[in-house]
Amino acid sequence: MDLDVFVSAHRAEWDRLDALLRRRRRLTGAETDELVVLYQRTATHLSLIQSAAPDPQLTGRLSQLVARARSAVTGTRRASWQDVTRFLTHGFPAAVYRSRHWWVPTALLSTAVAALLGWWIGTHPEVQATIAAPSELRELTRPGGQYETYYSSNPAASFAAQVWTNNAWAAALCLILGVFLGLPVLWILFQNMLNLGIGFGLMSSAGRLDTFLGLVLPHGLLELTAVFVAAGTGLRLGWTVIDPGPRTRRTALAQEGRAALAMAIGLALVLFVSGAIEGFVTPSGLPTWARITIGVVAELAFLAYVYVLGGRAARAGETGDLEASERSADVPTAA
């Protein structure tokens, strides 16, 4: 594309659109129709320039012009409770469902890694010696030791808030850093599995694996599922950088990135539930079977939410991305 020729050919249209926008409250019916046509043309011009001959100054001017025209044509839109409801019943579960081919294998492989690490640590005293001194290990694993008192070390509400903040931050990092080919996501995931494997190994070597599982499973099922979803989505985003498919890399990253950021909000709500369970149920005086049952019910409810509501929404065309009216127009690309 010869940018100078392109600008010379269309400058008059852009100037006319700008003039109409400056006096849009006093437009006639014909001028209003003209504004809509010029808005559509200018949006196409902007997409062509961005893909064929990006020029920062011109792109900035046209982006501002298109944004003003979109506001004039569609009006200012405010979020409503209907948007929140649609996000929770369609957008978020559909986004999680669409990512299932990434986060389900991630969950299975990560759980296998944690189990192998736990077995290795639990059956090799020399490895345990590198973690802590024998007296410290006994303090960690004894009845009433640090593994058990950890969950009741602070008031339930503050402990739940702290856990929720830490887990939500870890999930957000997986989603955000996935764009770096997914490598930071693998590291974050490994750190989580290593911590789980250490606890598994140390408590099993002390003959208290049942106690460990009774403490971890009530909240850990839902919590780890949320982390796996975030990690799988981050890895999918990283793969999009490598292979965007029939879409341009920019379009693919924009679509998947918007869905990932929206998913961060949904996962924060899921982690809020798991944090509440960890703060109020895990350290409670309920029998072990009752605490584990609560965790299993919460996990099954989330999976049903994803596979029933999310599957239905995904089959209806929901992707978890913004509504078409809220996205910038893209130039069609050949498959």
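Colleague: In which helix is Tyr307 found?

Modeller: Tyr307 is found in helix 13, where a helix is a DSSP run of H or I of at least four residues, numbered from the N terminus. Please note that this is a predicted model, in which local features need pLDDT of at least 70, side-chain atom pairs count only at pLDDT 80 or more, and totals for chains, interfaces and linings use all residues. Residues are numbered from 1 along each chain as its sequence is written, and side-chain values use heavy atoms, with hydrogens and water left out.

Colleague: Why does Tyr307 count as partly exposed?

Modeller: Its relative accessibility is 37%. Buried means under 20% relative accessible area, exposed means over 50%, and partly exposed lies in between, with a 1.4 Å probe and protein chains only. Tyr307 therefore counts as partly exposed.

Colleague: Which residues does Tyr307 touch, not counting residues up to four places away in sequence?

Modeller: Tyr307 touches Tyr97, Arg100, Trp103 and Val104; contact here means heavy atoms within 4.5 Å. Arg142, by comparison, is 165 residues from Tyr307 in sequence and 41 Å from it in space, C-alpha to C-alpha.

Colleague: Why does Thr225 count as buried?

Modeller: Thr225 has 8% relative accessibility, and so counts as buried. This residue lies in helix 11. Leaving aside neighbours within four places in sequence, Thr225 is in contact with Trp103, Gly220, Glu299 and Phe302.

Colleague: What makes a set of residues a nonpolar core?

Modeller: The members must be buried Ala, Val, Leu, Ile, Met, Phe, Trp, Tyr or Cys residues joined through side-chain atoms within 4.5 Å. The largest such core here has 33 residues, and those with the most contacts inside it are Phe92, Val96, Met263, Leu267 and Phe302. Its largest share, 9 residues, comes from helix 11. A second, separate core of 18 residues includes Leu20, Tyr39, Leu58 and Val66.

Colleague: With which residues is Val96 in contact, leaving aside its neighbours within four places in sequence?

Modeller: Val96 is in contact with Trp103, Val229, Met263, Phe302 and Val306.

Colleague: What makes a space a cavity, and what makes it a pocket?

Modeller: On a 1 Å grid over the protein atoms alone, a cavity is a set of points where a 1.4 Å probe fits but cannot get out. A pocket is an open set with protein on both sides within 12 Å along at least five of seven lines, and lining residues have an atom within 4 Å of a point. Grid points are joined across faces, edges and corners, and a volume is the space filled by probe spheres set on the points.

The structure holds 1 cavity of 30 Å³ or more, and the largest cavity has about 80 Å³ of space. Among the residues that line this cavity are Arg98, Thr233, Glu256 and Met263. Helix 12 supplies the largest share of that lining, 4 residues.

About 720 Å³ of space lies in the largest pocket. Its lining has 25 residues, of which Tyr150, Tyr151, Asn195, Glu223 and Glu278 lie nearest its centre. Helix 11 gives the most to this lining, with 8 residues.

Conventions
Helix = DSSP H or I, 4+ residues; strand = E, 2+ residues; numbered from the N terminus.
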